[in-house]
Amino acid sequence: MSDIRRVPTASHWGAFTAVVRDGRLVEAIPREGDPYPSDMVRTMPDAVHNRARVARPSVRRSWLGNAPDRGRERRGAEDFVAVPWDEALDMVAAEVARVRREHGHESIFGGSYGWSSAGRFHHAKSQLHRFLNVGGGFTTQVQNYSYAAAITILPHILGSIDPVQGPVSSWDGILQNCRLMVCFGGLPRINMQIEAGGMGAHEGRDWLQKILDAGIRVVCITPSKEDVPDGAEWLTIRPNTDTAAMLAMIHVLLGDGTVDHDFLARCTVGADRVIAYVEGRTDGVPKTPDWAAAITGLDAATIRALARGLGRERSFINASWSLQRADRGEQAYWAAIALACMAGHVGLPGGGFALGLASLGNMGVPRRGMASPRLPMGMNPTGSFIPVARISDMMLTPGGRYRYDGEDLTYPDIRLVYWCGGNPFHHHQDLNRLVQAFRRPETVVVHEQYWTATARHADIVLPATTTLERNDIGASGRDRFILAMHKAIEPVGEARDDFAIFTALARRLGLEEAFTEGLDEMGWLRRIYAEAAGANAARGMPFPEFDSFWAAGHIEVPPLDEPFTMFGDLRQDPAAHPLNTPSGLIELFSARVASFGDPHCPGHPVWIEPDEWLGAPLAARYPLHMLSHQPRTRLHGQLDSAELSRSAKIHGREPVHIHPEDAARRGISDGMVVRVFNDRGATLAGAVVTADVMPGVIRLATGAWYDPADPVARGSLDKHGNPNVLTADRPTSAVSQAPTAHSTLVEIEPYRGALPEVTAFDPPVADIAAE
């Protein structure tokens, strides 16, 4: 008779019950009561028991054999040899100790990213940073790839990054009071499947549907219909030109006399500078609808009509996270804030703006301010950091000088890369350049669950568990649930959790007590839960004791009784509720930013032509603008090896969406394998011919595992459809140094050769153990 167990747990794509038969995960059932469960939950059994899993500690053959320079030029191009755990841990501990001793702590780069686990204890980034901090520090990253430009620029304008990460004005207030929503970048429901710390229920999509059903006018300005929910209006716009459209709308408000000058005078500074620029008094170019129409492709009459709606009705402006992942990305957000302030509804229920509604599952869902459990990482004694998207620059130009947020900084000389959680060969731009960067350090250590491109470009790969193979607590600052994540199965192969790996390394380095503080996994779960429970009790939200929570499987906190309105306090009394800006007000002009002297990010929002857009000279050679969006079938690169993601491929390649006019001009038909290329690289994808993208634009989802035809050759053809072989490793500006993936021009042609086999999911491990 089979042994069947049902275990409550959670993931980035929702809470679920893990059904385990005879020690194997056989089904994942979304939590009862979830109105829009993600299909990604159901693919978990195939993902966990997948041939692409890293089964044993493995060492790259040349590194193990002490080849000259340990064969650094072979990273990503050769096989690995499986070794016993003790031997692998001894190697890693010895390398950490050697690099610290010979080159200093800042020469260790602690690379990581937050999407490795919904659990807050087995959060890979937290575990890695805690381990490196107790040993004396390291070089870290600041910001994130999702909204790096916003993280840097918003504190100068608004005093915080809440408008991009939450809490933002809640959906219920929009439902009750708003008459017009204008959404630059659309409202992509694809992104509403996921939440970094997991979620008890996908509620954001339910609220969006209520707004559409209530007859509130929702206008989505985006090149892609995929970003437009049913019932909303779709206006196409040339990518990267939203700033021009927003400035033209301000021009209309000024001309109509509907600008709220009282709000500007009480709650903002610098509006006069923006107005002078929009009217053309500073550069001789009035930012009229006709001016913007020539740039954006939007009809001038449409721009006027929308602007008048914003001025006369209770209106709400939303800008997607994607807008600021572009050349001069800071400007789109600054312009959206200025437009909302000019319209005058900021701080009113149902009015104002947000920078990311629908960018995550429960952004804007009514909730109380709740403390979440988290693992303390400690302090980094070195203070050494780089902006998140400057990895290649750092490794290729040690000692190089650069500017960031008004400071002159120097890249450290990295000798050891220690990567735990996340996959830079998914997130980072210009992968051919990243390949060269990854061949510079002396050693690369990676904890990984799967044989991703990051693992393949390492020297030592330690197999890590998935969330199903350990106990944890899921929680998010945008969700109303605290989720018990029970261990469902034993580790696959020889996988160990990151905490166990770092404990063993800390023991070898004489740091075990500092790292563990005498606690095991369950001891830490009890501690971080108790700390969060104490903080929430002080806020009037008593939590049950840990054992009751663990047995119940979750805690659900009731929503707020009244809608939350961002900047409501500021509007009511600016003196009593100042922002954390130099003026205490919204800074439509920032003297601090202006003092940086960056022509790509001056002191107020301006239109600056992107380096790559459909109006650039480069468009004569590469006339298609590529947008790389989130896929429906996986999260970033996670789950790409699972059946759901593989089933959506075309001849094993990632689909690329192209307009019928563009396809016909190139002899491309639906289902054909095509070569997408520019000067930075080329990739193969499967054509989907559809009018759901505007002419001149293609869509190629992120996350197909990088799979070069010849890993040794520079600029090798990617066989699988990874868009980051095409994107530029170029910053938004010297202020933010943020990524610009959405400013990418390409060309497409039918692929005429024999189709190369996709090998991204084949483990590169020899079948022999180390001698």
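**Figure 1. Ala358 sits in the loop between strand 13 (352–354) and strand 14 (384–387).** The model shown here and in the other views is predicted. Phi of Ala358 is near 75°, a positive value in a residue other than glycine. Most residues other than glycine have a negative phi. Ala358 counts as buried because its relative accessibility is 0%, and the cut-off for buried is under 20%.

**Figure 2. His636 is found in the loop between strand 24 (624–627) and helix 26 (643–647).** This residue is not a glycine, yet His636 has a positive phi of about 50°. The relative accessibility of His636 is 9%, so this residue counts as buried.

**Figure 3. A cis peptide bond runs from Gly166 to Pro167.** Its omega is near 5°. Most peptide bonds are trans. Pro167 belongs to the loop between helix 7 (162–165) and helix 8 (171–177).

**Figure 4. Strand 27 (residues 681–689) pairs with strand 25 and with strand 26.** Strand 27 is mostly covered, with seven of its nine residues buried. With strand 25 (residues 655–658), the pairing is parallel and spans four bridges. Ile658 has Val689 of strand 27 as its bridge partner. With strand 26 (residues 673–678), the pairing is antiparallel and spans six bridges. Here Val674 stands opposite Ala685 of strand 27. Strands 26 and 27 form a hairpin, and two residues lie between them. In a regular strand the side chains alternate between the two faces of the sheet.

**Figure 5. The largest pocket holds about 1,100 Å³ of space.** Its lining comprises 34 residues. Arg120, His123, Tyr147, Gln165 and Ala196 lie nearest the centre of the pocket. Helix 5 (124–134) and helix 7 each supply at least two residues of this lining. By class, the lining of the largest pocket has 14 nonpolar, 13 polar and seven charged residues.

**Figure 6. The largest cavity holds about 700 Å³ of space.** Five cavities of 30 Å³ or more are counted in the model. The largest cavity is lined by 41 residues. Nearest its centre lie Ser322, Arg325, Ser628, His629 and His742. The lining of the largest cavity divides into 18 nonpolar, 19 polar and four charged residues.

**Figure 7. The second largest cavity holds about 490 Å³ of space.** It is lined by 33 residues. Closest to its centre are Trp115, Ser116, Gln449, Tyr450 and Gln638. Helix 2 (44–48), helix 17 (424–427) and strand 18 (443–448) are the elements that give two or more residues to this lining. Helix 2 gives the most, with three residues. The lining of the second largest cavity has 11 nonpolar, 19 polar and three charged residues.

How values were computed:
Residues numbered from 1 in each chain as written. Predicted model: local features only at pLDDT ≥ 70, side-chain atom pairs only at ≥ 80, totals over all residues. Heavy atoms only, no water. Buried < 20%, exposed > 50% of the residue type's maximum accessible area, 1.4 Å probe, protein only. Pairing = 2+ DSSP bridges. 1 Å grid on protein atoms, 1.4 Å probe; cavity = no way out; pocket = protein on both sides within 12 Å on 5 of 7 lines; lining within 4 Å. Points joined across faces, edges and corners; volume = space filled by probe spheres on them. Nonpolar A, V, L, I, M, F, W, Y, C, P; charged D, E, K, R; others polar.
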